[in-house]
Amino acid sequence: MHHVGGEQELAQQGHFRELTNSGRASLRWIIESAQLQSKRLLLPDFLCEVILDVLAEYNIDVDFYSVDSQLGYQLPDDVSDYDALYLIKYFGATTASFACAVATFKQCIIVDDVFSPYPQVLDIRQSWYSFNSLRKISAVADFSMLYSNQRLKPLDVKPLIEFATLKYQAKQYKYDYLNTAQGEEQTYLNLFNQGESCLDTHKGIFSPSSRSVLESIDFYKYLDDERALRRKNYAVVCELLSEYSLPIQSDCYSFAPLLLPSRDAVRRRLMGHNIFLAVHWPEAKVVVNQLSHSILSIPLDSRYSEHDINVICQYIRSSI
């Protein structure tokens, strides 16, 4: 007979885990844990400017590799001079290019997996770090998971209350405006901007707010239903906009990326129909990738039915 009763036992996880309020906070924790300050990193040329800002805080030297039109990585032949390789899982996509890069690079690997419900877990011996950001794919305002096969630097982190408060106020005002015709659109837009400015100003490592921890529990509780609906919405986009859709494979679809001619003109026309689509990874100041000028993203989450996605696709087609 096995032991019965008492405190429940718990097996050691195969990796270490922490929580922060944002992807950039998780990246800072990675840099400090892996002691990458003043080291040399290899990054994709299709990336968010915030990544470069965070690396600059730590005096990190960066070089770039090319990302092609199918979101594949084109690593240089010799990667031995770099202390870490930064890989972005664009829209949470699983690709052969990602697997090849992980197998090729033998130093520290950082996986930017902000569009996935859970960070990527790597089955490799060398050090790796991976993080997500629920605020990119859900209504949660400030919640990022950080995974690694290395012990993370012990930190006493606290929430950035001002940021979380502004974001949740904005979300509530937006809900009231869209569903009950209360308030003005500019009110919640201003609050969203104030929240982002707050996050930009505070260059530290913060924990998620209590509300975001609770909101994330609700998100994960219905994750299977969310995944199924997003998969159906993605299929609609692929069917109706097949010639513009950038095919991806994902465990949980966040956005359907499109490659569009005259992207900015199309986006402006869509705004006239109250369709406001995001441009992910606009051109960074120090590096250029043509994807930044052509990619446009359709949200696939449970706010939208298959009918809604159908209508959005029709508007896009008529705007091209």
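**Cores, helix pairs and loops**

In the largest nonpolar core, which has 88 residues, the members that touch the most others are L71, L87, Y90, I110, V237 and I298; a nonpolar core is here a set of buried Ala, Val, Leu, Ile, Met, Phe, Trp, Tyr and Cys residues joined through side-chain atoms within 4.5 Å. Strand β5 (residues 84–88) supplies the largest share of this core, five residues. Apart from it lies another core, of 10 residues, which includes L160, Y188, F192 and L199. In soluble globular proteins, nonpolar side chains tend to be buried together. The model is a predicted one, in which local features need pLDDT of at least 70 and side-chain atom pairs count only at pLDDT 80 or more, while totals for chains, interfaces and linings use all residues. Residues are numbered from 1 along each chain as its sequence is written, and side-chain values use heavy atoms, with hydrogens and water left out.

Not counting residues up to four places away in sequence, V237 touches S242, A256, L258, I298, L300, I309 and C313, where contact means heavy atoms within 4.5 Å.

Helix α7 (residues 223–240) packs against helix α9 (residues 306–319) at an angle of about 30 degrees, with the axes 9 Å apart; the axes are lines fitted to C-alpha atoms, for helices over the stretch in contact, and the angles run from 0 to 180 degrees between N-to-C directions. Helices (H or I, at least four residues) and strands (E, at least two) are DSSP runs, numbered from the N terminus. The pair α7 and α9 is therefore roughly parallel, on a scale where angles under 35 degrees count as roughly parallel, over 145 as roughly antiparallel, 65 to 115 as roughly perpendicular and the rest as oblique. Their crossing is right-handed, a crossing being right-handed if the near helix is turned clockwise from the far one by less than a right angle, and left-handed if anticlockwise. From α7, the contact takes K232, N233, V236, V237 and L240, and from α9 it takes E306, I309, N310, C313, Q314 and R317. By class, the residues of this contact are five nonpolar, three polar and three charged, with Ala, Val, Leu, Ile, Met, Phe, Trp, Tyr, Cys and Pro counted as nonpolar, Asp, Glu, Lys and Arg as charged, and the others, Gly among them, as polar.

Helix α7 has a further partner in helix α6 (residues 210–221), which packs with α7 at an angle of about 60 degrees, with the axes 5 Å apart. The two helices α6 and α7 are therefore oblique to each other. Here F219, Y220 and K221 of α6 meet L223, E226 and R230 of α7, a contact with three nonpolar, no polar and three charged residues.

The residues of the contact of α4 with α5 comprise 10 nonpolar, four polar and six charged. A181 is placed in the loop between α4 and α5, and its phi is near 60 degrees, a positive value in a residue other than glycine. A181 counts as exposed, at 66% relative accessibility, given that buried means under 20% relative accessible area, exposed over 50% and partly exposed in between (1.4 Å probe, protein chains only).

Two other loop residues are buried. S133, in the loop between β7 (128–131) and β8 (144–148), has a relative accessible area of 1% and is buried. Leaving aside neighbours within four places in sequence, S133 is in contact with G23, V114, F143 and S144. L277, in the loop between α8 and β10 (295–299), counts as buried at 4% relative accessibility. With neighbours within four places in sequence again left aside, the contacts of L277 are R267, L270, L296, S297, I298, P299 and I316.
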